[in-house]
Amino acid sequence: MLITTTVFLLLLGMIAGIALAIASRVFYVWEDPTVLEITDALPGANCGGCGYAGCSAAASAIAKGLAPCDMCVAGGFDVTQAIGEIMGQSVGEKEPELAMTTCNFGMNEADSIYSYNGASDCNAAVMLYGGSKLCPIGCIGLGSCVKVCQFGAVAIGDDMLPVFDPERCVACGACVEACPKDIISLTSATMRITSEYTSEECTAPCQRSCPTGIDIPGYIREVQNGNFEEGIRIIKEKCPLPLICGRICPAPCELSCRRNLVDDAVGINSLKRFLADYEMTTGKHVNPYKCIDSGHKTAVIGGGAEGLTAAYYLARLGHQPTIFEAKPKLGGILRYVISEDRIPQDVLDHEIEGILDMGVEARTSKTMGLDFTLGSLFDDGHDTIIMTTGGFDSRKILRPGGGIAAHVPNIFLMLDFLALESEGKPVAVGEHVVIVDSGKRALDVARSCRSLGAKKVSIVSNHGIDELPEELAERDTLSAEGIDVRSSTIIAALGGVSDNLTRAVFEECRPHDNEPVQSETIEVDTIIVASGRLPELVFTSVANEDQSDSDQKACSWQTVDIFRTLPRGGDNGVFSAPEKGRVSDSSAVVKSIMSGRRIVRGIQMCFSGEPITPVAHLAEETSDILNVTRVEHVDVSLRQRAPIRVAEAGSENNWGDAQAIPGLDEPASRLEAERCLACGLICYKKAM
Amino acid sequence: MEYVIIVIGAVLIKNILLAEYLGCCPFMGTSKKMNTAVGMGLAVIFVLTAATAVTYPIHHHIFTRFGLEYLQTITFILVIAALVQFVEMFLKKAIPALYQSLGIFLPLITTNCAVLGVAILCIRRDYSFVESIVFAFSSAAGFTLALVLLAGIRERLIIADVPKPLQGTAIGLITGGLMALAFFGFSGVDGSLNALVQQ
């Protein structure tokens, strides 16, 4: 029996072994060894954060070249590097992303419409009237996000709100998918810099009324906690000039502060100034996260508040900015116009130093049109040129020595054109002149252009034909004169080669809502604009296909209507409302900062190849946003004010010295920060 | 008609999971998600049927002829393991799509007691070859049914308010037990069906 058993099992084992050996040959399937290697390198969490069904599917996609080496969100940079080595590709560090929610009041603090005792899951809870919170976008706190997180990065804290562990979060997006309220989002520094508040997220009244959109409750919370550096970091996500803003901002945020309903607004700006002064007294600059170099080079014309802001954020996004400033020092109006009582020179210098510290290069005493031109900047390798000459009248820069120097190639102001004509030194116009104006004078200018040799003159107006003066409305007689009148038309873009303007894109709009209906590219060599400044133009270089070999070096460029990113902003094209400026009217430094940052948003979209689209549901004064008009259970507490320094008797200078306007000290700031109601849409901190 | 009785008996009355208590490991392990449960169920159907088709001739043509019945268990284990390996290779080559969906479950079943149990039950009950295949297939179908039902319940259990000590596998086992109790309601149905057939 023993022998039979042994022999039988041996035989069976051998047969099975041989059969399997043969089968493994017969059914051999060649597998890409790199796929296996990549699969081993991947973390194997099968989280699906990359969009592929599990790690092995992702590995084969990477091996086939369908997916980039850095697609694994869970593994981090080490995994990316390992995959890069397998694939023989060099990898760059990816910008870290984090999951975040904006809800600040948990179930136990926020107002609710009923008490919920059902299944302990957010998706179940929202089935009943969208959850028990009064606020439609409030966190229900039942932790659906916690359950889906494979990395243990989310937990529901004591306040019934999710807490994200930045150390563990890999930004796979599982919680974003799971949240039925859509209040979790992945954020990165780029997103925080380029984002605007929407009417669909939780914002405090002060946040919405801040032109730059600083997370005001955020930094006030950090003042309460004593994390002053973190507070500075929060401010610098949206405003790189806290020292300046802290001193001269008109603080529209304080006007809309909800505490006004009880006693007096929170000293939002005083707290900003406290944080900024704190940073200055430490003597070093708090520099938030900076992205790796994108390989783009940008030029910023004008070193005022707008230019400094744009350059700062371009530097943070890795686009290597260089500021060109006509004056010997940076600062623009901040330095040369605003009195030193309000902005002491050392404060301004420290602020500008902080911006340069971020990786901004500055060339001062360089005037556009004299020391450099659009063409020379493109030749020097700049991809994009931004004009932030907002505050000053551009013509002052245009005609430094009295002579005309068009800083934007072949674009003249009508005033200069007429002035030079009356001096008997008319501007040399090209063959096709475009005049942007709606008045009768446009016709005079058009006729003089014709007499100066222009073959064709177009008058472009964004007004409807009925709104134009009678003389201009007679199109047929004018076209016989070689003058083409276009109503309800804007110039959407300009294009050119080196220092020459070559084309313009005319966009005809529907009169009632300004929606573009038709666009046409027209060869143009001179543009005469009726009035105002020409700030906030953005030029990018384009690869031109139809270029002959001879002028391959000449760089072709076009303007980008980055203000398309804002509703109402881009409707009127490149030359809309020049007197007001298209985004900023430069009436306050905070508005210049806003437009500087918004320009960067457009450029970022441009560089990343996205179409430039407006912010959907941008939170504006006119948007329909939940709010409260009455607050209850808030104790009155007096606003902390800095002691006013009274001039000594007999002093000659009653206005005090440059440092006469002091800020709050630390204890006062902390007390003031405690006054903040930490508002959300409808929530606010109530006295228990 | 006998086949119908075999099928009903194997799926509902003597369900391999809920009445025979075979293969409880994947019953708990792969019932957390519906997708996994379905995949596992299909893999079990596939392997169980194939294993019975192989072990039946081994028993009837080798063991009975040479009087080696005492080697049944160990031989079946070996044969089933080899078979699963073979099937895995074959699928990878011939039907990659099926391999993709069943691939990770196949090795799990290699030494599964449900597979061995059904192969042995076929022999014990003296089924013919066709009856064995039908029995194996329907046992596996019963396995899949129980697995899918439990997965459905467990997906709901996730959002239920379960007392802390019972969360996870504990409540899964209790649920499995309650399901088994419910399935005992079918006992006797085979007797009635037999009587019906004999009439």
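Predicted model: local features only at pLDDT ≥ 70, side-chain atom pairs only at ≥ 80, totals over all residues.
# Salt bridges, sheets and helix pairs

Are they buried, exposed or partly exposed? Arg670(A) counts as partly exposed, at 34% relative accessibility, and Glu666(A) is partly exposed too, at 36%.

How many salt bridges does the structure hold over all chains? The count is 27. Here are three of them, all from chain A.

| Salt bridge | N to O distance |
|---|---|
| Lys284(A) and Glu229(A) | 3.0 Å |
| Arg630(A) and Glu632(A) | 3.0 Å |

Take Lys284(A) and Glu229(A), whose side chains meet at 3.0 Å. Lys284(A) lies in the loop between helix H14 (268-282) and strand S5 (298-301), while Glu229(A) belongs to helix H11 (residues 228-236), so the pair ties together parts that are 55 residues apart in sequence. Lys284(A) is partly exposed, with a relative accessible area of 44%, and Glu229(A) is partly exposed at 29%. The pair also belongs to a network of salt bridges that links Glu229(A), Glu230(A), Arg233(A) and Lys284(A).

In the bridge between Arg630(A) and Glu632(A), the arginine counts as exposed, at 58% relative accessibility.

## How helices cross

Two packed helices are described by the angle between their axes and the distance between the axes.

Now hop over to chain B. Helix H3 (residues 34-66) and helix H8 (residues 129-157) of chain B pack with their axes 8 Å apart, at an angle of about 165 degrees. That angle makes H3(B) roughly antiparallel to H8(B). The crossing of H3(B) and H8(B) is right-handed. And what kinds of residues make up the contact? Sorted by class, there are 21 nonpolar, six polar and one charged residues in the contact of H3(B) with H8(B).

## Strands side by side

Back in chain A, it's time for sheets. Strands of a sheet pair through backbone hydrogen bonds, either parallel or antiparallel.

One open sheet of chain A has five strands in the order S9-S16-S10-S11-S12, with parallel pairing. Which strands stand at the edges? They are S9 (411-413) and S12 (483-486), each with a single partner strand, so one side of each is left without a neighbour in the sheet. On average, neighbouring strands here are turned by 20 degrees against each other, direction ignored. Inside this sheet, strand S10 (residues 432-436) and strand S11 (residues 456-460) pair in the parallel sense over five bridges, and Val433(A) stands opposite Val457(A) in S11(A).

Another open sheet of chain A has nine strands, in the order S7-S6-S5-S8-S17-S18-S13-S14-S15, and its pairing is mixed. At its edges stand S7 (361-363) and S15 (516-523), each with a single partner strand, so one side of each has no neighbour in the sheet. Neighbouring strands of this nine-strand sheet are turned by 20 degrees against each other on average, direction ignored. Strand S14 (residues 500-509) and S15(A) run antiparallel and are joined by seven bridges. Look for Val505(A), which stands opposite Thr521(A) in S15(A).

One more pair is worth a look. S1(A) and strand S4 (residues 184-187) of chain A pair in the antiparallel sense over four bridges, with Met100(A) opposite Ser185(A) in S4(A). In a regular strand the side chains alternate between the two faces of the sheet. For strand S1 (residues 98-101), Ala99(A) and Thr101(A) are on the covered face, whereas Leu98(A) and Met100(A) are on the uncovered one.

Note on methods: Residues numbered from 1 in each chain as written. Chains lettered and ligands numbered in written order. Heavy atoms only, no water. Salt bridge = Lys/Arg side-chain N within 4 Å of Asp/Glu carboxyl O. Helix = DSSP H or I, 4+ residues; strand = E, 2+ residues; numbered from the N terminus. Buried < 20%, exposed > 50% of the residue type's maximum accessible area, 1.4 Å probe, protein only. Axes fitted to C-alpha atoms, helices over the stretch in contact; angles between N-to-C directions. Parallel < 35°, antiparallel > 145°, perpendicular 65-115°, else oblique. Left-handed = near helix turned anticlockwise from the far one by under 90°. Nonpolar A, V, L, I, M, F, W, Y, C, P; charged D, E, K, R; others polar. Pairing = 2+ DSSP bridges.
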